[in-house]
Every structure is written in structure tokens, then in C-alpha cells.
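Trainee: Could you take me through one part of this model up close? I would enjoy a slow, connected look.

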Amino acid sequence: MTPRAVRRRAAPGSPGFLKRSQPRWTERSVKVLLVAAALVSVLTTVGIVVALIPPVVEFFGKVDFGEFITGTDWSPLFEPPHFGVLPLVTATLVVTVIALFVAVPLGLGAAVYLSEYAGHRVRGIFKPVLEVLAGIPTVVYGFFALKAITPALQRFWPGDDPPEVFNALSAGFVMGIMIIPTIASLAEDSMAAVPRSLRDGAYALGSSRMQVSTRVVFPAALSGIVAAVVLGVSRAIGETMIVAIAAGGRPNLTFNPLEGMQTMTAFIAAAGIGDLPTGSTGYQTIFAVGLLLFAITLVMNLISIRLVRRYREVYE
């Protein structure tokens with residue numbers, strides 16, 4: 001008798017009896033929840049754009065777009081008003097660059113140490129301590145920059161022109177400390193995902209630990225490291241409280257980090273809590289600056305996606 005005949009004659013409940021597969025409602029429910037979570041992110045982004053566009057269109061019906069992009073005087077709340085956004089953009093870039101000079105070397109250095117040098121016990125202690133920095137409120141960072149970093153810079157500054165009370169240098173320095181956990185954690189995860197076989201092969205060829213870290217692991221994890229750095233940049237550009245407290249609120253078109261300046265996010269926070277009449281041109285500047293900030297962040301994320309796809313390493 002063939003096995004097929006046995007399966008045909010098997011009674012219900014016997015080992016050879018095959019039942020019709022039942023629908024797995026749990027898996028379907030999880031799939032629906034995951035799709036809903038993805039749609040929430042997409043719909044939130046679309047909602048932000050939809051909320052920003054109408055007042056921005058009305059704003060540029062009153063203000064020339066060329067003046068807004070290329071103007072060097074930003075005083076929309078005074079008479080006569082000026083709507084050149086370059087001072088805000090310049091301040092945002094200056095503070096972000098200073099933060100990157102602090103966060104990228106320290107963050108990647110911490111990632112290399114935790115991934116390649118630290119033992120399991122040390123990694124279990126230092127990584128949570130490092131990530132605690134990410135949970136500190138940014139307003140605390142802001143007051144730390146204003147009350148601790150700025151006085152220290154003024155006291156020990158080697159030249160005759162010390163930083164002002166509100167300056168971009170202290171704000172950028174503390175902002176760099178704030179984004180160190182973001183870069184370090186994501187970069188360390190990318191390095192840890194590199195196959196052990198690559199390390200073992202390099203060690204078998206007589207490479208030192210430093211050579212393995214910089215010439216094998218780092219290039220192999222480059223896509224994740226780029227994503228970590230871009231995410232840190234995006235967070236630095238969108239930071240509000242540190243720059244509002246430590247960098248000052250005076251629009252200033254300068255690249256001198258020792259002077260006070262106002263970033264895009266600081267202006268949005270200052271104008272948003274003021275008493276501007278709804279629908280006025282001054283009120284609509286909040287949405288115009290917000291849309292510009294959104295566009296800058298979007299372009300950076302698109303560049304990040306392209307770089308990640310270009311340098312991604314696939315291991316089997």
C-alpha cells in the first residue's frame with residue numbers, strides 16, 4: 001500500500017490525517033499594526049507639509065522669495081520689516097558645524113572602543129552610561145552651556161577678545177556633547193554587525209587591533225556610520241533649547257562663533273510664544289522658516305539614503 005493511500009484512509013485525529021490550515025489571526029493582527037505604524041510616520045510627514053504650505057503661500061504672496069532666500073537683514077517684527085533669512089541659516093550652520101567637530105570624533109572613537117577594545121563587562125557599564133546623556137533634557141544642556149561653558153571660555157580664553165555672554169561656540173560645544181550618544185550608539189551597532197570572520201581573517205594575516213578597526217571594521221560598517229552621523233546632524237539642526245538659551249536671540253550674519261546669533265529653531269521658538277496676531281506677516285514667518293528647515297532636513301536625509309545604499313556591504 002502506497003503512502004498516498006495511507007493518507008487517504010487515515011482517520012481524523014490520527015498522525016496521518018492532514019487538516020486544513022487555519023487562519024492565523026495573531027500574525028494578521030501584528031501585520032496590520034506594523035502597517036499602521038508605518039502609515040503613521042508617512043501621514044505625520046504629509047500632515048506637516050499640508051499644515052505649512054497654506055500660510056507659506058500666503059506669506060510669499062506678500063514677501064519676495066528672492067529677498068527671503070538671499071536677504072541679509074532679518075527683522076520681520078520691526079518697522080520697517082526685513083525678511084532676509086540668511087542670518088538664521090548661517091547661525092544654524094555655524095552651530096551645527098561646531099557640534100559636529102565635537103560629536104563625530106568623540107562619538108566614533110567611543111564606538112570603536114566599545115566595539116573592538118572594550119570587554120563585555122566594560123561595555124555593559126560604559127554603553128548605558130553613555131546613553132544616559134541622550135536622556136538629559138536639552139534645557140539642562142542649555143543652562144550648562146550658559147552658566148558653565150561660557151564663563152570657563154571667558155576666563156581661560158587666550159586672546160584679547162573673549163566670547164560674548166551669548167555665543168555660538170558654547171552652544172555648539174554642548175550640542176556636540178548632546179549628540180555623542182546618537183552617533184556612538186548607532187555606529188557601534190553597525191560595527192558590531194560586521195561578521196566576525198572578517199576580523200579573524202585580518203588577525204590571521206598579522207594585523208594589529210588598530211589596523212583591524214580602521215581598515216576592516218570601519219569600512220565594512222561605513223553605511224551605518226554615515227547614517228549615524230547624518231542622524232546626529234539632523235538632530236543638531238533641529239535643536240531648539242540649547243541655542244535659544246546659550247546662543248542668544250539676535251539675528252547676526254557672521255561666521256564668528258564668539259558672537260551671539262539666532263538660529264532658525266530659536267526664532268521659531270521665540271516668535272511662537274510671543275503675541276503675534278494670527279494671520280499677520282510676522283506670524284507667517286514662523287511657517288516660512290519652518291518649511292525651510294523641513295526642506296533642509298529632507299535634503300540631508302535623501303543624501304543620507306543615497307550614501308547608505310552606495311556604501312552598503314551585504315554579507316552572506
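Is Glu-116 buried or exposed, and why?

Mentor: Happy to! Keep in mind that the model is predicted. Mean pLDDT for the protein chain is 84, with 91% of its residues at 70 or more. The stretch to treat with care is residues 1-7, where pLDDT is below 50 and the model shows 4 contacts beyond near neighbours in sequence.

Now to your residue. Glu-116 counts as buried because its relative accessibility is 9%, and the cut-off for buried is under 20%. It sits in helix α4. Its side chain makes a polar contact of 2.8 Å with the side chain of Ser-115. If we set aside neighbours within four places in sequence, Glu-116 is in contact with Arg-199, Arg-209, Ser-213 and Val-217.

Let's step back to the helix itself. Helix α4 spans residues 86-117 and packs against helix α7, residues 168-192, at an angle of about 35°, the axes being 6 Å apart. This crossing is right-handed, and the residues of the contact comprise 26 nonpolar, 4 polar and 1 charged.

Not counting residues up to four places away in sequence, Leu-130 touches Ala-110, Leu-114, Ile-180, Pro-181 and Ala-184.

Terms used:
Residues are numbered from 1 along each chain as its sequence is written. This is a predicted model: local features need pLDDT of at least 70, side-chain atom pairs count only at pLDDT 80 or more; totals for chains, interfaces and linings use all residues. Side-chain values use heavy atoms; hydrogens and water are left out. pLDDT is the predictor's confidence in each residue, from 0 to 100. Contact means heavy atoms within 4.5 Å. Axes are lines fitted to C-alpha atoms, for helices over the stretch in contact, and angles run from 0 to 180 degrees between N-to-C directions. Helices (H or I, at least four residues) and strands (E, at least two) are DSSP runs, numbered from the N terminus. A crossing is left-handed if the near helix is turned anticlockwise from the far one by less than a right angle, and right-handed if clockwise. Ala, Val, Leu, Ile, Met, Phe, Trp, Tyr, Cys and Pro count as nonpolar, Asp, Glu, Lys and Arg as charged, and the others, Gly among them, as polar. Buried means under 20% relative accessible area, exposed over 50%, partly exposed in between (1.4 Å probe, protein chains only). A polar contact is a pair of N or O atoms within 3.5 Å; within protein, one must be able to donate a hydrogen and the other to accept it, and residues adjacent in sequence count only if both atoms are side-chain atoms.
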